[in-house]
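Please find below a note on the structure under review. It is arranged as numbered points, for reading beside the model.

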Amino acid sequence: METIDRKGGSALWHQIGEILAADIAAGTFASGTKLPTEPELMQRFGVSRFTVRQALGHLEQRGLVRAEQGRGTFVHRGVLDYTLSKRTRFHKNLIEQGFEPGGELLVHEIVPATEPVAAYLKIAIGAPVIHRRGVMTADGIPVELGDSYYPAERFPDFDKARLQHPTISAALASYGVTDYERLSTEIEARMPTADEARILRQPKSVPLLVTRKVDADTDGVPITYSESVWPAERTTFNLDLR
């Protein structure tokens with residue numbers, strides 16, 4: 001029987017979830033493999049079925065495992081290996097790895113450009129910009145929470161254009177931006193806020209990867225600035241500097 005702290009402040013199900021998450025990260029349970037059954041986990045940790053189910057539910061919320069009715073609980077297919085290049089496209093990145101891309105728009109508004117946003121877009125401070133916040137998913141699991149900004153004068157009624165087209169690239173093409181490239185990318189890491197952890201379905205103790213990027217049209221004029229956060233345990237970045 002594996003030892004867990006029964007007198008500490010951390011709930012038993014949380015401790016078990018963290019142990020199993022570490023096993024997954026270490027490759028003890030490979031991508032796509034079935035976790036031990038509930039009775040086997042009950043015996044391993046000396047806890048009730050209810051506690052085991054709480055731990056497994058916690059892992060499923062984090063996107064590390066999936067439960068299949070009548071079959072058991074399986075390790076999720078693995079982390080997203082996301083390529084950052086001059087021609088990064090979210091949908092293309094996911095589809096090429098066999099993931100189903102999805103997402104939900106949380107905010108669409110027109111706001112004055114702050115000093116940092118204006119600097120990235122090379123527009124005047126206070127100029128109107130379109131702010132869109134959304135969560136992007138891979139097979140239904142949140143992998144990105146992003147805030148994007150577009151010059152409002154260049155892209156009027158962008159919300160309507162986006163509804164008419166399946167991707168951001170297609171919507172931009174309707175304004176004559178038939179191609180664009182990554183102008184710059186910045187990457188750092190930090191801990192999540194409570195709101196970010198809730199939306200991304202991850203613990204507040206797990207760090208995030210943060211990207212700040214600017215895309216420009218073929219004339220080198222910035223068309224969008226985005227700042228996104230990605231769950232570090234679900235995402236790795238592959239830098240293609242060509």
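1. Basis of the note. The model is predicted, so local features need pLDDT of at least 70 and side-chain atom pairs count only at pLDDT 80 or more, while totals for chains, interfaces and linings use all residues. Residues are numbered from 1 along each chain as its sequence is written, and side-chain values use heavy atoms, with hydrogens and water left out.

2. The whole protein. The protein has 8 helices and 10 strands; helices (H or I, at least four residues) and strands (E, at least two) are DSSP runs, numbered from the N terminus. Along the principal axes, the C-alpha atoms fill a box of roughly 65 × 35 × 35 Å. Of the 242 residues, 43% are buried, where buried means under 20% relative accessible area, exposed over 50% and partly exposed in between (1.4 Å probe, protein chains only). Among contacts (heavy atoms within 4.5 Å) between residues at least 6 apart in sequence, 57% join residues at least 24 apart.

3. Helix α3. This helix covers residues 49-61, which is 13 residues. From first C-alpha to last, α3 reaches 18 Å, close to the 18 Å expected at 1.5 Å a residue; the expected span is 1.5 Å times one less than the number of residues. Just after α3, Gly63 takes a positive phi of about 80 degrees.

4. The buried face of α3. Which residues of α3 are buried? They are Thr51, Val52, Ala55, Leu56, His58 and Leu59. Seen down the axis of α3, the buried residues fall within an arc of 155 degrees, so they line one face of the helix; the arc is that of the directions from the helix axis to the C-beta atoms. The cover over these residues includes α1 (12-26), α2 (38-45), β1 (65-68) and β2 (72-75).

5. Helix α1. The 15 residues of α1 reach 21 Å from first C-alpha to last, close to the 21 Å expected at 1.5 Å a residue. Buried residues in α1 include Ile16, Leu20 and Ile24, and the buried residues of α1 pack against α2, α3, β1 and β2.

6. α1 against α3. The axes of these two helices come within 8 Å and cross at roughly 50 degrees. Axes are lines fitted to C-alpha atoms, for helices over the stretch in contact, and angles run from 0 to 180 degrees between N-to-C directions. α1 and α3 are therefore oblique to each other; angles under 35 degrees count as roughly parallel, over 145 as roughly antiparallel, 65 to 115 as roughly perpendicular and the rest as oblique. Among the residues that meet are Leu12, Trp13 and Ile16 in α1, and Thr51, Ala55 and Leu59 in α3.

7. α2 against α3. These helices pack at an angle of about 105 degrees, with their axes 9 Å apart, and are therefore roughly perpendicular to each other. Glu38, Pro39, Leu41 and Met42 in α2 meet Arg49, Val52, Arg53 and Leu56 in α3.

8. Glu233. Where is Glu233 found? It is in the loop between β9 (222-231) and β10 (235-239). Glu233 is partly exposed, with a relative accessible area of 21%. The C-alpha atoms of Glu233 and Leu64 are separated by 8.6 Å, although these residues are 169 residues apart along the chain. Leaving aside neighbours within four places in sequence, Glu233 is in contact with Arg62, Leu64, Val79, Pro203 and Val206.
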